[in-house]
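Subject: Handing over a structure

Hello,

Here is the structure I promised to pass on to you. Please have a look through it first, and then read on for what turned up.

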2 protein chains.
Amino acid sequence: MLSNHLQNGMETARLVWSRLPNTEDGEFDAVGISKKSDGSSVESLDYEVIENYAYREEQAQRGKVYFVYQVAVKWFFSLLIGIGTGLAAVFINISVENFAGWKFQLTFNIIQKSYFAGFLIYVLFNLALVLSSVYIVTNFAPAAAGSGIPEIKGYLNGVDIHGILFFRTLIGKIFGSIGSVGGGLALGKEGPLVHTGACIASLLGQGGSTKYHVSSRWLQVFKSDRDRRDLVTCGCAAGVAAAFRAPVGGVLFALEEVTSWWRSQLMWRVFFTSAIVAVVVRTAMGWCKSGKCGHFGAGGFIIWDISGAQEDYSFQELLPMAVIGVIGGLLGALFNQLTLYITHWRRNYLHKKGNRVKIIEACLISLLTSVISFGVPLLRKCTPCPETDPSSGIQCPRSPGMYGNYVEFYCGRKTEYNDLATIFFNTQDDAIRNLFSAKTIHEYSAQSLLTFLVMFYTLAVITFGSAVPAGQFVPGIMIGSTYGRLVGMFVVNFYKKLNIEEGTYALLGAASFLGGSMRMTVSLCVIMVEITNNLKLLPLIMLVLLISKAVGDAFNEGLYEEQARLRGIPLLESRPKYRMRKMTAKEGCGSQKVISLPRVVKVSDVASILRSNKHNGFPVIDHTRNGETLVIGLMLRSHLLVLLHSKVDFQHSPLPCEGSGIIRHNFNEFVKPATSRGLSIDDIHLSSDDLEMYIDLAPFLNPSPYVVPEDMSLTKVYNLFRQLGLRHIFVVPRASHVIGLITRKDLLIEEENEDLDTVELQSTSRSTP
Amino acid sequence: MLSNHLQNGMETARLVWSRLPNTEDGEFDAVGISKKSDGSSVESLDYEVIENYAYREEQAQRGKVYFVYQVAVKWFFSLLIGIGTGLAAVFINISVENFAGWKFQLTFNIIQKSYFAGFLIYVLFNLALVLSSVYIVTNFAPAAAGSGIPEIKGYLNGVDIHGILFFRTLIGKIFGSIGSVGGGLALGKEGPLVHTGACIASLLGQGGSTKYHVSSRWLQVFKSDRDRRDLVTCGCAAGVAAAFRAPVGGVLFALEEVTSWWRSQLMWRVFFTSAIVAVVVRTAMGWCKSGKCGHFGAGGFIIWDISGAQEDYSFQELLPMAVIGVIGGLLGALFNQLTLYITHWRRNYLHKKGNRVKIIEACLISLLTSVISFGVPLLRKCTPCPETDPSSGIQCPRSPGMYGNYVEFYCGRKTEYNDLATIFFNTQDDAIRNLFSAKTIHEYSAQSLLTFLVMFYTLAVITFGSAVPAGQFVPGIMIGSTYGRLVGMFVVNFYKKLNIEEGTYALLGAASFLGGSMRMTVSLCVIMVEITNNLKLLPLIMLVLLISKAVGDAFNEGLYEEQARLRGIPLLESRPKYRMRKMTAKEGCGSQKVISLPRVVKVSDVASILRSNKHNGFPVIDHTRNGETLVIGLMLRSHLLVLLHSKVDFQHSPLPCEGSGIIRHNFNEFVKPATSRGLSIDDIHLSSDDLEMYIDLAPFLNPSPYVVPEDMSLTKVYNLFRQLGLRHIFVVPRASHVIGLITRKDLLIEEENEDLDTVELQSTSRSTP
């Protein structure tokens, strides 16, 4: 049937056709962009494309060499992503630690004389930092607000959100998070770092930013979305690896949380990127140890080392640990729900009023945070220092400007400390270190912890969604470790055992809150272990995470899913909806009419079809000799636009085009620009002569899109769509007959042949001696 | 077209048809077993089935309750798998440690008097243990030989190998590995434990062993292959978690190495199982600490704790570490190649001669191992003990019968030790502990390490493939840590720095050899960290693994892939072959003729068709009113056999059957028995009356198997097949027209509706106050 079709005056197209069946899905799909009716760009996952270009363009001349070159470039880019993200993380860390260090040093110096002057300085310092952050974000890089993880997740799921991977977003994210984290808001720098890694990866993938003229031609190797998405996955892993200094956690985070379509080859490259990040960060740390980085340099590769903490646990402790899990699930789910409401309200009422409101809002939050973190400890009565062993290295109160427990703040005597200031009036990193710390039983009073929990939880909820780069990991750890330590205090009092450390419970609390809010499992577990360097608590962390995730799942979805949904990012979940079981593919298509194109189509028809609807794909139908119709492929809107724009393929004859010089196009024209919205039909000027001409679509269509019979269950269609990362599926009538059946054996034929060769070889080499 | 078809005298089938489109792939596929021409059973991955049963059978009556019950049972089974595997691991560990402990204690006691008598005892003890192991394996559980990981990998990839998941295999694996590991062979118990976990999971999944009458009806919840495979995945993770006491490593091993089709929901359950294993093992350890377990009880949850080792590294060290990576890649690839040759030779020449040869072979290997491990240290001159700080707790020589470094063996004076005996004449666990040990610089001479490396490498290669349960992890760690320590010695001598520990290099060597041989990345990395409790070396382990895997990949495939290939397990790799790009689906079908069945088919025709070929699936073709043919679905051989066997669906009329009482079958009949080979056409007796009757296939076929157009690239077909875990794909002609197009938006409709509800709800709830 097909060959009839070809013989039917289409000899000239044979050359092209003979090539097309060798290609893979996303052939040209890969380079298309499509617009949803609401104007946001939605784009598919398209894979296996660069190989096609390589194959089609280069095979004859360069072949294997080009392939090796491609692979080498991929690995080189992974290396660059690792180095870039590592350096960005180090830069952010050094800046934040220094700003925060100066701030606290200055404040502590001044409060020796006047608490009021100190308060003013503290407030203004914070305000200035937050203002710089929100100013950068609102005026320069609006996409840099928030954590960015829901958007990246959407991107890797196949949804392109305008602007999230721009160069300006990268800059906004880096400097914005320095301001927001340094300014003492209840947010972290981890989510933004993931976004930073993704931006670096994406910019590398498209060969630099075209807008800022830092692009380079030789870098533009990756024309396909698939390769770009792979790079972005590497970038995400690098971000986590850099943020938590947790390379394996980074790989698992990319695997579990952000990516939708995972291949083992990619895992290998992601792993490499993470390892590079680890080395870069480690090197920077080593360099900083000599004191060249100002206030930065106290930490090691492990952020909150508790390897000296509790090593063992008894069975009675499992009950309070389970309680921590339940609390984590409840508070986490509540956090998700509250932030959902507040973000919804912000988006619909507050942020519509423009940038000025956003700036004022952020400043007010900064003021509130400063007042609470400075003021509330003032109200707290100081506690006398415990009698400590001088050899343990724990000072009470600690020397001003140093890091450590037992902060002296507004205390009458020099041998007293303020337990609330120890956690509140401190950088979050140090506060967490203090909460996790072992050998400091009874450092905090239950009242202080409870006050802090309520205050900080509220601040975290309010801060979430304001127009500054904001991660949720560190606030989550803060909240979790507070109630964890609270539970730990009760356990210590109740069981009266010596080998229980409150810090252990703080760690479990942190894990439980993150589990209850973000609903990650393995990656979170590994991250917690990597940031605390205590493997012995691993089984406990696992159990707590299981409980808190289960409890949280009973109420709502994970934080990122909720936020993605709110932002209108249509994530395809891994599991089809239950209702789809009762629907067929035909019912799933919706009511939109299918608009088909003939193989050779008049330009005016194309223009009017493109104007009349918003479809992104058009089936192309041809006629066989005996008058039957035949679906010959899928033509994308974006490719039609390129054809109309370039005009080189226009022909006067309504017959299929000649064989020679069929592809007058540089394939690069079809590559979608990553940082612009692509062509629109209204941008294209067509003269009346042009409109009278024809285009032969055969060389430009995807000759074999996936098809499903009309009465297939929509669940099956969903799985096909999701698993293969498709964009268009044709729903067709049931076939009249079956030409062949493909089974596992058929797909192994080649391998078996190769095997035989190998085995033959082995037998030969064995029989010779 | 379809509705015409139905109206065309097929009213009676409407009820059935109306149900069928709601079902998913593998509808009945799931319960089929198929036989390859070589007699081995090859079976597909079939998913989403139990829900269908639930849906179809139970929806009306029980609905949600049944669904909750299903989920609860799944989790309960995960719990049981965790407990079972944990207990099995503890049992194996206690037995091995005790046998080995008695052996070494006895030998050490006797060699105080006579080295010859000690040697005899040592040899006989080993021989007895190995003999018991090989006897169990050869006579009772042939499938228990080897590591079992390639077979499990094949099973999860969709290939069923007869017998690997039997109850007797489980027993053989447990007792066999006690014998083989206790008997001092150069093999480990880790691979067998993975297999053990998988067996436990599979037996639970089918509700016990039917053969040994320990099955229970209420346990038989899991009728679908998909659920069984999920359970087996949990079992694998549990095995690794128990073997290495590495719960996260177990999850990642299951993810990276064994499973082919991964869902995030499954990860969650696997994670739970691993956590349970950790708790069980931890509990047993705690119980054993009080001395109730004989020689077992020295170790903690971490097997080889090196947390006190080198914390930092300088850049000059990266070069020797890279060298270790290269050596690991080379030796690992060589190991894979040598074992491939030797296994090939064994299978084709040696093991064909029967069990007697296998037993003799294993005994000879045991003798050789005993002679070398006893004899070679004898030839080595003893070394004077170094001057050690008594407070460090290191004894030289160690007291007889104790574990530790500096073994006194055939030394003249009491202040000497034999460095070769320290690693050779010891259990492998202790040897590795000694090799990893820090603060013992210059314990080993280069000569001893080199001797040991050559000897042990040879022994490991020879032992591989003999008829005993054999894991490759511990031997790999032994080999790797030996050359790692060797490199470490040179580094210590060359750089003359104090903060370099030879043990660190031993650890990196171990990682590099495993990476070079097994080619795992993330899971191996996490396992190495978990078994040594040293997170600070993580970046180094990652780099070494990257190098060794890259070097190894240049030569051959990973150990398990090579072994699977040799055993004829046709693994579908994640990446299609390059040659497939040039082939179309039609070319991929091979030359076998498609045999179609009509909807209502004569029993005699079915019988003759089933006898005449070995196909496992048959397209069913029906005619519409206007005489056109229409493919209405796929009928499986196994279901035809069930229909022929039960005979209840036979009818006299050649017309489609009546609507009422269509499904006379209990669906359980279609469930494939996991531990038998299923029906064969020769087992079924059909009388001549039977042969004249008809069957209406409509209720039993899979109404919408996946289809591909004839000229689709085979690569695309491969991806479809592999990603969705299919078994049959129909190759059909191109469609004549397109009924509809499914895009992301269509698949989100339902979700958007729900979203709107939610958002509406939120707006409402927000606007009320």
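One term before we start: two strands pair if DSSP finds at least two bridges between them. The strands themselves (E, at least two residues) and the helices (H or I, at least four residues) are DSSP runs, numbered from the N terminus.

This is a predicted model, in which local features need pLDDT of at least 70, side-chain atom pairs count only at pLDDT 80 or more, and totals for chains, interfaces and linings use all residues. Residues are numbered from 1 along each chain as its sequence is written, chains are lettered from A and ligands numbered from 1 in the order in which they are written, and side-chain values use heavy atoms, with hydrogens and water left out.

Let me begin with chain A as a whole. It has 27 helices and 12 strands. Of its 769 residues, 65% count as buried, where buried means under 20% relative accessible area, exposed over 50%, and partly exposed in between (1.4 Å probe, protein chains only). Among the contacts in chain A with a separation of 6 or more, 78% come from residues 24 or more positions apart; contact means heavy atoms within 4.5 Å.

Helix α21(A), residues 559-566, is mostly covered, with 7 of its 8 residues buried; among them are Y560(A), E561(A), E562(A) and L566(A). Just after α21(A), G568(A) has a positive phi of about 75°.

Next, a helix pair. The axes of α12(A) (residues 318-350) and α17(A) (residues 473-495) come within 10 Å and cross at roughly 160°. Axes here are lines fitted to C-alpha atoms, for helices over the stretch in contact, and angles run from 0 to 180 degrees between N-to-C directions. From α12(A), the contact uses P320(A), I324(A), I327(A), G328(A) and L331(A), and from α17(A), Y483(A), G484(A), V487(A), V491(A) and Y495(A). These divide into 8 nonpolar, 2 polar and no charged residues. In that count, Ala, Val, Leu, Ile, Met, Phe, Trp, Tyr, Cys and Pro are nonpolar, Asp, Glu, Lys and Arg charged, and the others, Gly among them, polar.

In chain B, α12(B) and α17(B) pack at an angle of about 160°, with their axes 10 Å apart.

Finally, the sheets. Chain A has an open sheet of 3 strands in the order β5-β7-β8, with mixed pairing. Its edge strands are β5(A) (597-598) and β8(A) (629-636), each pairing on one side only. β5(A) runs parallel to β7(A) (residues 617-623), joined by 2 bridges, and L597(A) has V620(A) as its bridge partner in β7(A). Helix α24(A), residues 637-646, packs on this sheet and touches β5, β7 and β8 of chain A.

Chain B also has an open sheet of 3 strands, ordered β5-β7-β8. There, β7(B) and β8(B) pair in the antiparallel sense over 7 bridges, and D622(B) stands opposite L630(B) in β8(B). Helix α24(B) lies across β5, β7 and β8 of chain B, at about 75° to β8(B).
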